[in-house]
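Please examine the structure shown below before reading the dialogue.

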Amino acid sequence: MLWLALHLPLLSLEAFCATLPPGAPRRPVALIGQQRIIAVDSAAAEAGIRPGMKRATALALTADLLLADGQAARDAAALQAVAHAALAFTPAVTLHDTQTVLLEVQGSLRLFGGLAALHRRLLDALAPLGHRLQTAAAPTALGAALLSQWHPVDRGDPVHGGHARSLPALQRLLADAPVWMLGPGREHWEALQGMGLHTLSDLRQLPRAGLARRFGAGLLDDLDRALGLQPDPRSWLALPAVFDSRLELFASAETSEQVLAGAAVLLARLVAWALARQARVSAFTLRMRHERQRRVTGPATELHVELAVPASDADHLQSLLRERLGRCTLAAPTLELQLHCHRLVAGPAPSGELFPTRANQDEGLLRLLERLRARLGDEQVQRLEPVADHRPERASRTVPTQGVAPARREGPAAVAARTAAAAAPALPHHRPAWLLPEPLPLAERGDLPLLEGRPLQLLSGPERIEAGWWDGQPAVRDYFIALAEDGSLVWVWRGRLPAAPGDAAWFLQGRFA
Amino acid sequence: MPTLRGLPPAPRTTGVLPAAPRTPEPGCSPATRSTRPGAVAPAPADRPPVPEDLHPALWLAHQVARPHDGVLPSGFAELDAQLPGGGWPARLLTELLLPHAGVGELRLLAPALAALQRQRRTVMWFDPPAAPCAWALAGLGLDARQFVVVRSRAGARGRARERLPAADVLWALEHALKSGHLGAVLAWLPAWLPADALRRLQLAAQAHDGPAFLLRDAQQRTRPSAAPLRLLLASAGPDRLRVSLLKRRGPPLAQPLTLALVPVLAPPALARARAPRGPAAVTRAGAPA
């Protein structure tokens, strides 16, 4: 077995910083738990703030310190996203503690081309989540976890260091590890130190029975598990079937840019989850909980984004969300974001191509349509569809473009056949290209219609259309092609039955373009 | 192209050399001169090299430019002869100015659009002035199902539309042009536009491998425009279209062209239209006399 450990030393700080509004001036950050500082960033550490200090001491050291509560749930959500991203590489992933994820990668080495290649791809996949990582590989789970957490300064690169491929190598590496790293050992740290036991090799040289009596069997068990002398079964993490993640913002977001910055964190988690399921997202919902205004909590805003082509590209999802956000007005500042997704399309993403081809042209077109629909609304991006009806106002219909245009799905032969059929219709050019949405009543002089005060010359007709008695909107009309004063051709009609006195007899239906 | 693309556009000024004569020389009227894409004036041996031999983007003001980005034949031979390169230019805006919708503009564009559809490239329409009739388009050889019609939102339409900057349609048009995945674009722009809108669109069009037609009101003909090709369309009688080239990369065309469109009228009706206009009596029962 080969275990890869991912240790995130700054997890709680990074999880907190993701909730800060973008573009705010950088301030030293410290997290607080049970009245004590538990984590500090580099700026705060420079000011002299150390974990374990009291709140008042820290505030006395720097006035503009940003103090926030450490939240276990927030950290757990961020760690879970890391575990999901790791699940794309092996099905055997487990959480070791609140800051460490373990992967069993022996079965994946061949597929990904060795440990170094796997390691590189894993780091690339984790990069969007924006965490600082310490990794280590070892033949035992606990050994890998210990190696990743323990990185002495002289061991060089903390990201790539600490790889032991065999048990003796691991035992050599761990011989110098401090004894407090074993979980139960911490409680007895002072006693162990008093006995002159500093490293794991010191511990191994003592008689086991005496150690077990003094410090409990747990310490010895952990030591044996780390060195591979005892089995160490783990239970694997199961991937949830529905993605649901929330992010409470530190400051309420007032602009869509701030909402988007928060949503970007959630989208990165969503993509990690989708990749672990070997699938692509086809729809997701962003729910925004708003601030109370005038003592009334407004309803949460829900933005539903649907994709024509399922995608697992965080940038594309974010651009769609940006257009969708631009279309809505937010009633109140946003406090909390929640991203929900349950619609996935399984299967690998189509492979990218370097040079333009028909397939990526189509994909680019679909992305363009998707973007237009996200910004303008589904009803504003339409396709035209002919309908077999003689009434001109019903002979075409617009339908929203959903997904792939029909011509794209068919083969070229079907397209050619249909185009040929369409090119030889029964009525070649007797229909105007522009149809008015409502027939426009025309004035008349004598028996002739007037368009903009000038008489029309009737050239062709009548063509009688009598249809629609079956659906309650009958049309009984005589259509004429008429010549307007400036030489353009228009299509006018007159009701076959005499109009009531006072009603217009002639109507303009369309223009020949 | 080191010509007018970055300069404030002047509709009547073309060419690169300010000293070059703006009016054609006698005996070389633009209507009769050969304007094949590769046509260059024969240079005598003792003169310095002519600019068009130095670089394809250079031409003299009395010649028609040779676009190197590809053209799409318009389907009308007499119009192709006058357009630089012999067709609708790709990667450039083409402005069509109409007195009102319905003078024959779709019949003018239909051959080029049908050629694009045969290559299975998508044509996108932005804010058409009325509902397009699918059967009429089919009669012109176009498959209406393959068009995508984008309309700006209701708030931007209606009475206030004439004054609003039409942010929707400009945004959508710019993204459509920039994406470079479309075959052609037809946009009916509102009368009032921000001053830099056409310049932005022209920049976006450089990524668009196909013609981009802007259809605007004929009242805009006196306004400056960034579009390198401007045509004024007017009806010249039934089934005929008068096309004036207001601006092209080359000398202005003195005489408008008259194109014969795909006929709507049957020959007897056409003869009736050509006949001197008299009181056309229509009886309720039958055809006009």
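Predicted model: local features only at pLDDT ≥ 70, side-chain atom pairs only at ≥ 80, totals over all residues.

The dialogue that follows treats chain A and then a residue of chain B.

Q: How many helices and strands does chain A have?
A: Helices (H or I, at least four residues) and strands (E, at least two) are DSSP runs, numbered from the N terminus. Chain A has 17 helices and 22 strands.

Q: What is the strand order in the open sheet of three strands?
A: Two strands pair if DSSP finds at least two bridges between them. In chain A the order is E3-E2-E4, with mixed pairing. Strands E3 (36–40) and E4 (66–69) are the edges, each pairing on one side only. Strand E2 (residues 29–33) is antiparallel to E3(A) and joined to it by four bridges; A:Ala30 has A:Val40 of E3(A) as its bridge partner.

Q: Is B:Ser74 buried or exposed?
A: Buried means under 20% relative accessible area, exposed over 50%, partly exposed in between (1.4 Å probe, protein chains only). B:Ser74 is buried, at 0%. This residue lies in the loop between strand E1 (71–72) and helix H2 (77–82) of chain B.

Q: Which residues does B:Ser74 touch?
A: Contact means heavy atoms within 4.5 Å. Not counting residues up to four places away in sequence, B:Ser74 touches several residues, including B:Leu79, B:Trp88 and B:Pro111.

Notes: Residues numbered from 1 in each chain as written. Chains lettered and ligands numbered in written order. Heavy atoms only, no water.
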